[in-house]
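Please open the model in your viewer and keep the sequence panel beside it, so that each selection below can be followed in both.

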Amino acid sequence: MRINDGTFPYRRVVSVNKKGIDTEFGMGVRICLGSFCPFVSGLRIQTGFSTGIQRFQFDQSSRDLYLMNIHFGKGTQMQKINYALIGFGGIAENRIAKEGFSCDSSRFSPSEFFQLTGAFDLNPDRKSAVESLGLKWFDNTDAILNDPEIQAVFITTNNLSHAPLATAAMNAGKHVIVEKPLATTPEDAATLMKLAITKHLSLSVDHMMVYNQLNVCAKDFIEANKLGKINDSCFHMEFGYGFDPSEAATWRCSNELELGGPIGDVASHCFYMAEFLFNDFIEEVAAVYYPKLLDIEVEDGAFIRFKMRSGLTGSIRASFSDLRGGLGGTLSNLGYEIYGSEAVLRAFGTMFQLSGYADEPLPIRLEVDFFKNQDKIALADFPSPNIYQGVIDHHAKSILMGTPLCAEEGWRNVRLCYAAHESAQKCGQWIVIK
């Protein structure tokens, strides 16, 4: 049995029947089975979609228990990995703390493998928000890094601070998750990756959309050849940000060194999602900037073409200058289309912070267009684990299992963003990712 190393591909999927492994693909399985395993024998689920894809889902707690028993020995009591947050803005509070770390106990059950113990933010007014969740407020970053009870940190600060904070954390012996991007230059990202390897620490980047179950389902459709021969794809994250002067003054819009414009902020998601869905590497990009509409220091947007190692091509549209109606039009537009000879797969709202809960602003969904009829797939058809929990869970288990991650995918993602900027500054010239 081999455990996915978390770099690339992001996860492997299989399906099983009474005879063991067969040729169909499953949903959300994150281990690779090299031989027959009685633990999973005989479990199979058939969906009702006209695509005919058969879906298999491990019982999560049983799978985790099985893997931990293999590693630690049956009946071993494991200690949870203690995390602290460095940075406690809106996303850190509402997505990572409340959802990812289950601090909103009315909606989420605590993990068996990790817990959040405290946080620090440069804004002292955030102390009350931290303590209202039952967490410890740390007076500064050093207090976290010097605390022997803290084994790992999740860095959720502005982009320019990612590399120095991650470096300090690993030098203090802490495992690290970094909000995307891993760093603001390829050189800094490579240095972090090498430091993690040298110190045998687990380093991960928050590429949370690969844990969205509809995106996993889309990957299954593609790998099972249900769309026919695929020859094109388009990923898009376009919305209005920077029209208001207060938005234009934020680090995302006011400092190009932050790598926070549309390319670094949202095309980056499109890059890793394309590699995830097609199980392939992007090795060439070409880009042009959008016409200037906003009074911001960074680019308004970009149209990007990419070529993958397999020869497959696709496009990315990333923008801060498209209003897209209201909230519903904006969120439903955050998705992709995969064009095959037999069908087109369309995703609505799956390229965002949503996991698919009933209390979210709109229901995310997939649509498979067979041209004469369409299948619409919503998360009511699937288990709906939280995407941020997926990131933390994968990182925590890499620590517990002694199989540290090195965030290679984060380094590659920064290189792709830099290549897109280089191409746009050279009038759309193709840039090869060496």
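A disulfide is taken here as a pair of cysteine sulfur atoms within 2.5 Å. The model is a predicted one, and a search of the whole structure with that cut-off finds zero disulfides.

**The cysteines**

Cys234 itself is buried, with a relative accessibility of 9%.

**The whole chain**

The chain has 434 residues, of which 58% count as buried, and its secondary structure comprises 13 helices and 21 strands. Among contacts between residues at least 6 apart in sequence, 70% join residues that are at least 24 apart.

**Helices H10 and H13**

Select residues 262-278, which form helix H10, together with residues 408-425, which form helix H13. The two helices pack with their axes 9 Å apart and at an angle of about 120°, and they are therefore oblique to each other. Their crossing is right-handed.

To see the contact, show the side chains of Ile263, Ser268, Phe271, Tyr272 and Glu275, which are among the H10 residues that take part, and those of Arg412, Asn413, Leu416, Cys417, Ala420 and His421 on the H13 side. By class, the residues of this contact are six nonpolar, four polar and two charged.

Follow H10 onwards into the loop between H10 and strand S14 (282-289), where Asn279 is found. Although Asn279 is not a glycine, it has a positive phi of about 55°. Most residues other than glycine have a negative phi, and most peptide bonds are trans. With a relative accessible area of 34%, Asn279 is partly exposed.

**Helices H5 and H6**

Select residues 162-171 for helix H5 and residues 186-199 for helix H6. Their axes come within 10 Å and cross at roughly 10°, and H5 and H6 are therefore roughly parallel to each other. On the H5 side the contact is made by Ala163, Ala166, Thr167, Met170 and Asn171, and on the H6 side by Asp188, Leu192, Leu195, Ala196 and Lys199. The contact of H5 with H6 has six nonpolar, two polar and two charged residues.

In the loop between strand S11 (175-178) and H6, pick Pro181, which a cis peptide bond joins to Lys180, with omega at about 0°. In the loop between H6 and strand S12 (203-205), pick His200, whose phi is near 55°, a positive value in a residue other than glycine. His200 counts as exposed, at 63% relative accessibility.

**Helices H2 and H12, and Glu99**

For the last stop, select residues 90-100, helix H2, and residues 387-400, helix H12. The axes of H2 and H12 come within 8 Å and cross at roughly 70°, which makes H2 roughly perpendicular to H12. The crossing is right-handed.

The H2 residues in this contact are Ile91, Arg95, Ile96, Glu99 and Gly100, and they meet Tyr388, Gln389 and Ile392 in H12. By class, the contact has four nonpolar, two polar and two charged residues.

Finally, centre the view on Glu99, which lies in H2. Is Glu99 buried or exposed? Glu99 counts as buried, at 2% relative accessibility. Which residues does Glu99 touch, not counting residues up to four places away in sequence? With that exclusion, Glu99 touches Asn94, Arg107, Phe108, Asn386, Tyr388 and Gln389. To see how separate parts of the sequence come together here, draw a distance from the C-alpha atom of Glu99 to that of Ile387, which gives 8.7 Å for two residues 288 apart along the chain.

Methods
Residues numbered from 1 in each chain as written. Predicted model: local features only at pLDDT ≥ 70, side-chain atom pairs only at ≥ 80, totals over all residues. Heavy atoms only, no water. Buried < 20%, exposed > 50% of the residue type's maximum accessible area, 1.4 Å probe, protein only. Axes fitted to C-alpha atoms, helices over the stretch in contact; angles between N-to-C directions. Helix = DSSP H or I, 4+ residues; strand = E, 2+ residues; numbered from the N terminus. Parallel < 35°, antiparallel > 145°, perpendicular 65-115°, else oblique. Left-handed = near helix turned anticlockwise from the far one by under 90°. Contact = heavy atoms within 4.5 Å. Nonpolar A, V, L, I, M, F, W, Y, C, P; charged D, E, K, R; others polar.
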